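Dear colleague,

Please find the structure below, followed by an account of what was found in it. I would be glad if you read the two side by side.

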Protein chains: 2
Amino acid sequence: MDGHARRIPDATVARLPEYLRILVELAEQRIGTVSSERLAELAGVNAAKVRKDLSYLGTYGTRGVGYDVDYLLFQMRQALGVTQDWPVVVVGAGNLGRALANYAGFSDRGFPLAAVVDVDDAKVGTTVGEVAVRPMSDLAELVRANQPVIGVIATPGPVAQLVADQLVAAGVTAILNFAPALVSVPPNISLRKVDLALELQILSFYQSHRESGSASRSWA
Amino acid sequence: MDGHARRIPDATVARLPEYLRILVELAEQRIGTVSSERLAELAGVNAAKVRKDLSYLGTYGTRGVGYDVDYLLFQMRQALGVTQDWPVVVVGAGNLGRALANYAGFSDRGFPLAAVVDVDDAKVGTTVGEVAVRPMSDLAELVRANQPVIGVIATPGPVAQLVADQLVAAGVTAILNFAPALVSVPPNISLRKVDLALELQILSFYQSHRESGSASRSWA
DNA sequence: CCGAGCTTGTGCACAAGTTCACAAGCGTGT
DNA sequence: ACACGCTTGTGAACTTGTGCACAAGCTCGG
Ligand SMILES: NC(=O)c1ccc[n+]([C@@H]2O[C@H](COP(=O)([O-])OP(=O)(O)OC[C@H]3O[C@@H](n4cnc5c(N)ncnc54)[C@H](O)[C@@H]3O)[C@@H](O)[C@H]2O)c1
Ligand SMILES: NC(=O)c1ccc[n+]([C@@H]2O[C@H](COP(=O)([O-])OP(=O)(O)OC[C@H]3O[C@@H](n4cnc5c(N)ncnc54)[C@H](O)[C@@H]3O)[C@@H](O)[C@H]2O)c1
């Protein structure tokens, strides 16, 4: 129907949200048109790469002019699937879980906090962000009521796999894991991991071998 | 000196901390030897990749046997430069900054919290984690007293560049940025970025295009 | 209507990263 | 001493990602 069947490379997908963020800023500044050159500068990448990345989404630019910010923004949102909200369920109401729940930046960008759940009875019932912490037994119900949901694991590492299994059983199909542990899920479930200690160790490496250290691999 | 001058690829560097975490777990379990096959399983990667990655550090395995866990652990720490502690200074005592400051996992892995600083006078003096929040004017002094320091930016996006400049001026040579903004630093400074909203958007993409989604990348 | 000045979109060569496949080497048992 | 099973280390093929360079195409001024 679209004529665009070509698969978008993983490396490109990883950059799209960055372009999206920049486009939102440009739109807020009432800037109507942007060139690949300017976009590249703002994203900290090569202009040719920007053009190639955008070309995977479709032919949305105008030669001699550039890209229409609003139109590209619309197409970018479409491509990323953020035209609708993705409610987030946070598992674990500890330090990190509470910080995430209090973070306004998620709702702003289309990821409203749906619920926070925890296994600890002492935490259930306390308020965090805009919601009350719920028991694990409510998980399936909460997921059902908010589909499609993204699950966030903010529990200690040793229970991460267990929690992931519970999320999957509850019907969650996308998971973001903050626990420092390997989690495996069925093939149709999307999983990403963020490990802060790991990032610090990578910094440590490049500092120890300081001379030609481009520690910025996940750019900027 | 060592005979090992070959440059370690970025992709390999990004995986080393994961191997390190696994080796620590194995050592805790009193497991003396591990094969690339087993290590690969625990890290969720291909065994050949593990062998190639480890070969960049040196020839530490024994054919027919595997790798000595303690010895490899030592070499891995050496390679990553985490034989000594890297004190961390957190800038921004908001939701995220406080969660990070309270996080024991950093100290445990060799990144003790040295200080938290904030520009907001109302926050200066309050206690967070194990330390009192200090004013920005103390930054240079705090950095000098703890070198080598890793700076963590946990402030709103619009001031991230400003904060980065202050960190660099104070003598920080490695920065981890949590703000959703592009930050540029002089070439000899290491910089990495973690953007949680970006991760959620990548998940959103793979869910929207669900069919062949290997959403995992985060160098993990 | 044409030409000048830009900027896109992409073919192509090159670089980086991954995986296979297997020789080399170790340890054990006979 | 030797054969056998196991595992490493790595050349080489392959896949993925990057960046240059330029033709194609748009806009605008005259
Ligand atoms: N705090 C940080 O800044 C930070 C930074 C990096 C990584 N992390 C990681 O994030 C995770 C959480 O860190 P934290 O500091 O918030 O820890 P925390 O101990 O403060 O919180 C963990 C929470 O998970 C809950 N929990 C435990 N088992 C559970 C289960 N089976 N089901 C549901 N909930 C369960 C606990 O009750 C607790 O409320 C850890 O894996 C940590 O390594 C945290
Ligand atoms: N809270 C989260 O879970 C979360 C998640 C993802 C990303 N982030 C990002 O992390 C950053 C911090 O988030 P937060 O929720 O902690 O915000 P916050 O508003 O709670 O805290 C920001 C803190 O930075 C301080 N600050 C402001 N300007 C400063 C300056 N120039 N110098 C020093 N300190 C300054 C403020 O006083 C405040 O204490 C933001 O960029 C946010 O987008 C936060």
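**Cavities, interface, pocket and backbone**

A search of the whole structure finds 5 cavities of 30 Å³ or more, where a cavity is a set of points on a 1 Å grid over the protein atoms alone at which a 1.4 Å probe fits but cannot get out, and lining residues have an atom within 4 Å of a point. Volumes here are the space filled by probe spheres set on the points, with grid points joined across faces, edges and corners. This is a predicted model, in which local features need pLDDT of at least 70 and side-chain atom pairs count only at pLDDT 80 or more, while totals for chains, interfaces and linings use all residues. Residues are numbered from 1 along each chain as its sequence is written, chains are lettered from A and ligands numbered from 1 in the order in which they are written, and side-chain values use heavy atoms, with hydrogens and water left out.

The second largest cavity has a volume of about 70 Å³, and its lining includes Val88(B), Leu100(B), Tyr103(B), Phe106(B) and Phe111(B). Two or more residues of that lining come from each of β4 (88–91), α5 (95–102) and α6 of chain B, the helices (H or I, at least four residues) and strands (E, at least two) being DSSP runs numbered from the N terminus. By class the lining has 9 nonpolar residues, 1 polar and no charged ones, with Ala, Val, Leu, Ile, Met, Phe, Trp, Tyr, Cys and Pro taken as nonpolar, Asp, Glu, Lys and Arg as charged, and the others, Gly among them, as polar.

Turning to the interface, 68 residues of chain A are in contact with 70 residues of chain B (heavy atoms within 4.5 Å). The two chains bury about 6,600 Å² between them, 61% of it on carbon and sulfur atoms; this is the accessible area (1.4 Å probe) that two parts lose on being put together, summed over both. Between chain A and chain B there are 6 salt bridges, each a side-chain nitrogen of Lys or Arg within 4 Å of a carboxyl oxygen of Asp or Glu, and one of them pairs Glu18(A) with Lys193(B) at 2.9 Å, N to O. On the side of chain A that touches chain B, the elements giving two or more residues include α1 (10–28), α4 (69–80), β10 (190–193) and α9 (196–208) of chain A. The largest share, 13 residues, is that of α9(A), and the residues of this side divide into 39 nonpolar, 17 polar and 12 charged.

The second largest pocket (an open set with protein on both sides within 12 Å along at least five of seven lines) holds about 740 Å³ of space. Of its 29 lining residues, Pro180(A), Arg21(B), Val24(B), Glu25(B) and Arg109(B) lie nearest its centre. Both chains take part, with α8 (160–170) of chain A and α1 (10–28), α2 (36–43) and α6 (104–108) of chain B each giving two or more residues. The largest share of the lining, 8 residues, comes from α1(B).

Finally, the backbone: most residues other than glycine have a negative phi, and most peptide bonds are trans. The bond joining Gln147(A) and Pro148(A) is cis, with omega about -5°, and Pro148(A) sits in the loop between α7 (139–146) and β8 (150–153) of chain A. In chain B, the bond from Gln147(B) to Pro148(B) is cis, with omega near -5°. Arg30(A), which is not a glycine, has a positive phi of about 60° and lies in the loop between α1 and β1 (33–34) of chain A.

With best regards
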